[in-house]
Amino acid sequence: MEWTDDEVNQLMELLNKELALDIDYDIALNMVKWKKIKISTRSWQECKDKALLLINDARKKRFLSEIIVELNGSAHVDKINSRKPPSPATLYATAKLESVMARNPGISKNYIFKSLKAEFPDLKSKNKGKYLLESARKHIQQNTPIPFKKEVIKYLEQHRGRPCETKMYRSGFTLFSSKLKLIPGSNRAKTVADTWNNLPPDQKEDYKNQAKKYMEDLFLEYDKYISSLDAFEKTLEKQICNSVFLSRF
């Protein structure tokens with residue numbers, strides 16, 4: 001029996017209530033409890049089959065909730081930027097949602113989802129890594145800038161053996177300056193520069209040689225690191241590294 005427009009609208013309204021918003025298409029579909037999605041004139045299996053048929057026909061790389069809005073004129077969902085890859089916080093919340101819901105049956109899915117996203121920034125770097133890299137992969141696949149480069153770099157340096165680029169001494173002066181970083185006051189830059197200028201030439205030369213040796217060792221370490229990366233990891237590294245490291249590719 002053909003589906004009426006009213007039946008389709010009822011189906012989409014039920015499906016919309018079952019979804020957590022701001023989740024990628026494939027993730028969202030896997031989370032739907034289809035036996036809850038049924039209308040008085042149809043079984044849950046009929047509803048599932050019809051919903052998947054309609055959604056798959058309408059899918060054009062958009063979020064599932066946006067597709068439902070298009071199919072059901074009476075349903076309302078906040079406008080979502082359909083081309084934006086999921087953030088690390090969204091991926092984290094999605095991964096944890098089912099287990100948290102099972103422990104808190106009386107709390108709404110959307111509330112739990114938003115709460116999980118809100119706790120992501122406070123996680124330790126080690127616990128963020130999986131979701132940072134997964135989100136970065138999706139940004140690369142969609143050719144969009146990665147807005148959380150610093151967090152990715154921090155995770156890779158602390159847990160994946162990436163050389164620390166913040167300790168890069170490109171000259172004798174930068175190495176010398178790093179040793180005087182505890183100088184207080186707003187005139188620190190002038191104090192460091194004046195102290196450097198007053199050094200004997202042989203001490204300046206020593207700092208220059210130390211910096212040169214440090215950079216040579218750092219490049220060897222970095223070359224070894226990038227040689228161990230797979231294709232995605234190398235693509236990611238090119239997007240997050242500074243211009244000095246980029247020259248090693």
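Figure 1. Read along the sequence, the protein follows the pattern α-α-α-α-α-α-α-α-α-α-α-α-α, with 13 helices and zero strands, where helices (H or I, at least four residues) and strands (E, at least two) are DSSP runs numbered from the N terminus. This is a predicted model, in which local features need pLDDT of at least 70 and side-chain atom pairs count only at pLDDT 80 or more, while totals for chains, interfaces and linings use all residues. Residues are numbered from 1 along each chain as its sequence is written, and side-chain values use heavy atoms, with hydrogens and water left out. Of the 249 residues in the protein, 41% are buried (under 20% relative accessible area, with a 1.4 Å probe and protein chains only). Among contacts (heavy atoms within 4.5 Å) between residues at least 6 apart in sequence, 61% join residues at least 24 apart.

**Figure 2. Close-up of helices α5 and α6.** The axes of α5 (residues 88-103) and α6 (residues 109-119) come within 8 Å and cross at roughly 130 degrees; axes are lines fitted to C-alpha atoms, for helices over the stretch in contact, and angles run from 0 to 180 degrees between N-to-C directions. The two helices are therefore oblique to each other, a class left for angles that are not under 35 degrees (roughly parallel), over 145 (roughly antiparallel) or 65 to 115 (roughly perpendicular). The crossing of α5 past α6 is right-handed (the near helix is turned clockwise from the far one by less than a right angle). Residues of α5 in the contact include Ala89, Tyr92, Leu97 and Met101, and those of α6 include Ile112, Phe113 and Leu116. By class, this contact of α5 with α6 has nine nonpolar, two polar and four charged residues (Ala, Val, Leu, Ile, Met, Phe, Trp, Tyr, Cys and Pro count as nonpolar, Asp, Glu, Lys and Arg as charged, and the others, Gly among them, as polar).

**Figure 3. Close-up of helices α9 and α10.** Helix α9 (residues 172-179) packs against helix α10 (residues 188-197) at an angle of about 120 degrees, with their axes 10 Å apart, which makes α9 oblique to α10. On the α9 side the contact is made by Gly172, Phe173, Phe176 and Ser177, and on the α10 side by Arg188, Val192, Ala193, Thr195 and Trp196.

Figure 4. Asn242 is buried, with a relative accessible area of 16%, and its side chain reaches the backbone nitrogen of Phe245 at 2.9 Å. Not counting residues up to four places away in sequence, Asn242 touches Glu165, Met168 and Arg170.

Key
Buried < 20%, exposed > 50% of the residue type's maximum accessible area, 1.4 Å probe, protein only. Polar contact = N/O pair within 3.5 Å; in protein donor to acceptor, adjacent residues only side chain to side chain.
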